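Open the model in a viewer and keep the selection panel at hand. The stops below say what to select and what is there.

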Amino acid sequence: MDDDAQFLELFKHETNERLDSMVATLLDLESGTTDPGALDSLFRNAHTIKGAAGMLGLDDIRTLAHALEDVLGSAREAGALPAELTEPLLRATDGIRSFVSGGELDGKLGDELERARAGLAAAESPAVAVPSTDRPAESRTIRVPAEKIDRLLDLVGETVLHRRRLEHSLEDEMQERESLADELGAGERLLDELKDAAIAMRTLPISTIIGSFPRAVRDLAQAEGKQVDLAIVGAETQLDRVILESLADPLVHLLRNAVAHGIEPPEERMRAGKPAHGRIELRAEQRGGLVEIVVVDDGRGVDAQVIEQARRDGTLADVLARPGYSTAPTVTNLAGRGVGLDAVRAHVETFGGTFEVGSEPGAGTSVMLRLPLALALLDVLLVERGASVYGIPLAAVEEGLLVENLLSLTGRRALPYRGGSVQLFDLATSVGQRAPPLSGRPRAVVVAVAGRRAAFACDALLGEEEVVVKPLGLLAGVHGYLGAAILGDGRIALLLDATELARGRPRPETPARVLEPAAPSAPKVLVVEDSFTVRELQRSILEAAGYRVSTARDGREALERLAAEPDIELAITDLEMPELDGLDLTRAIRADPALSGLPVVIVTSRGDDEDRRHGLEAGADAYMIKRSFDQGALLETVERLIGR
């Protein structure tokens, strides 16, 4: 990114922050709940936006900000801002925000502000003074590109892995080498501090996205003829930026629902003995490794018949979040179309979060979202089933136990549990993997999410661990997984979506072979991939299927491996890699008489017809797309090309 583009990004970010502050202050002035110095704050923000826009040559924004500054300067001199000016000032902030985001600027806004300033200057009525006060200096922030933070987290993850491998290799010597143990302990503390610093860089306060919410609720309420106050609690609560960047729309859905379905018109509220103004509260709070975000209103609540239906059919969230379901009797601009809650629920569950709804008729409704604080780290219970290790988010784990007694409920296996029973599933069946039969007394883990509970039988419970979450790469499009983690012994643990798991729906088996560990004479496959996680995941899949595996980080290293290991019988390569990419590697293999017959499989995220054609023209024997990747199909392709 060149310097001009960087400055423009900084301008956009700072301007949006200042616009959020201006909107909040204008709404406070309108409601009469403002602090001293409000007009000074508004004027300073307009002045700063004007100056920055002028330096960057953004003349349209500079002109509009200058008009804003003039109006606010006149109001500051008069000591008050007339109520009729709130709306044009809000429209002006909307105009600047739209232009900053790439939209068109309405030329009439400047004229409207000029008329407002003239009217203010001509006003003869005395103004109510708004006392001024000095505000504390704003804390300075440093904006770091997201990719740099992600790279830091990758380094933390690989450092953790390196240290754990070192611990494994020195496990037998630790008692004799106390000084080394002390050194490792100090390294662990430093690593924890580095990890915490990296996570702190990745998280942002929820205030980053909620600046426009008070204005949105005000406008929605006015459109419905309602009076609504929005209270925000815990705006400083931190949340992973990836989650936060996509959370604004779901939260607006919830606020829209609260205004349209929850809060009653003033006359109805007064007949029910409530104040005319309805109240919506958005609050956020960190609880361990989770963040709870709750939207609660004091409106009419959900109909008692719907609550009764929810008791029969599952949970209130299950009923209200059904696609197409709506409690609105008629379709309006805000409600009755049956969209919203199902999309919010799906979005939350994408990040491994949970979605709950509670309501009391006549008293109000609350919607709770539980989301992980940071996607990069996750506390999990590691379990083993067959040749695979899985991680289940610890927040969803209720108990681990030994399976001794089984019940049969309507033909289904169940465990006696806490005075009742819980349905029991084979974990392998639940995740769609083949595995040897369970022993007579297997272990089980009870998972509870959003009112659902189920138990899953496995071969062993390996214990709790905080893992660094890596993207799935090959399995990125597969439903039911949150990511992958690399364990200290080099194995890959697939991290399961607890919400999906708790639904207890078996998945179709992946037609992967489960074999004994590779014998010395087993075929050897070369995996070429610059992503550490994807490389290790492919290695894990192939080794579990009985192959020996060699790995390389790019095409140049792959050619060195092929020269040094003549027993390699097939190569699997990514396309985009440093040094030497997958296409050039494939061409080099085909041009070498000693290697020209080696089968090559390309596995890549680039899936259009032209990319596929280039891969096959370079000499690839098969071309697979990561987003539609199926490990069974990969193993079948490898088996077919090797011919054993």
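Which residue of β20 does Val 527 stand opposite? Select both strands to find out: β19 is residues 524-528, and β20 is residues 548-552. The residue opposite Val 527 is Thr 551. Bear in mind throughout that the model is predicted.

**Stop 1: strand β19**

With β20 the pairing is parallel and runs over 5 bridges. Strand β21, residues 568-573, also pairs with β19 in the parallel sense, over 5 bridges.

Now show the side chains of β19. Lys 524, Leu 526 and Val 528 point one way, while Val 525 and Val 527 point the other way. Residues on both sides are buried. Because 5 of the 5 residues of β19 are buried, the strand is largely enclosed by the rest of the structure.

**Stop 2: helix α21**

Move on to residues 609-618, which form helix α21. Colour Asp 611, Gly 615 and Ala 618, the buried residues of this helix. Why do they lie on the same side of α21? They cover an arc of only 65 degrees around the axis, which puts them on that one side. On the other side of α21, select Asp 609 and Glu 617, which are exposed.

Then step past the end of the helix to Gly 619, which follows α21 and has a positive phi, near 120 degrees.

**Stop 3: α20 against α21**

Two packed helices are described by the angle between their axes and the distance between the axes. For α20 and α21, the axes come within 8 Å and cross at roughly 20 degrees. That angle is under 35 degrees, so α20 is roughly parallel to α21.

For the contact itself, select these residues:

- from α20: Leu 583, Thr 586, Arg 587 and Arg 590
- from α21: His 614, Gly 615 and Ala 618

Coloured by type, the contact residues divide into 2 nonpolar, 3 polar and 2 charged. Gly 615 and Ala 618 of this contact are also among the buried residues of α21.

**Stop 4: Gln 309**

Finally, select helix α13, residues 304-313, and pick out Gln 309 within it. Is Gln 309 buried or exposed? Its relative accessibility is 19%, so Gln 309 counts as buried, the cut-off being under 20%. Leaving aside residues up to four places away in sequence, Gln 309 touches Val 319 and Arg 322.

Note on methods
Residues are numbered from 1 along each chain as its sequence is written. This is a predicted model: local features need pLDDT of at least 70, side-chain atom pairs count only at pLDDT 80 or more; totals for chains, interfaces and linings use all residues. Side-chain values use heavy atoms; hydrogens and water are left out. Buried means under 20% relative accessible area, exposed over 50%, partly exposed in between (1.4 Å probe, protein chains only). Helices (H or I, at least four residues) and strands (E, at least two) are DSSP runs, numbered from the N terminus. The arc is that of the directions from the helix axis to the C-beta atoms. Axes are lines fitted to C-alpha atoms, for helices over the stretch in contact, and angles run from 0 to 180 degrees between N-to-C directions. Angles under 35 degrees count as roughly parallel, over 145 as roughly antiparallel, 65 to 115 as roughly perpendicular and the rest as oblique. Contact means heavy atoms within 4.5 Å. Ala, Val, Leu, Ile, Met, Phe, Trp, Tyr, Cys and Pro count as nonpolar, Asp, Glu, Lys and Arg as charged, and the others, Gly among them, as polar. Two strands pair if DSSP finds at least two bridges between them.
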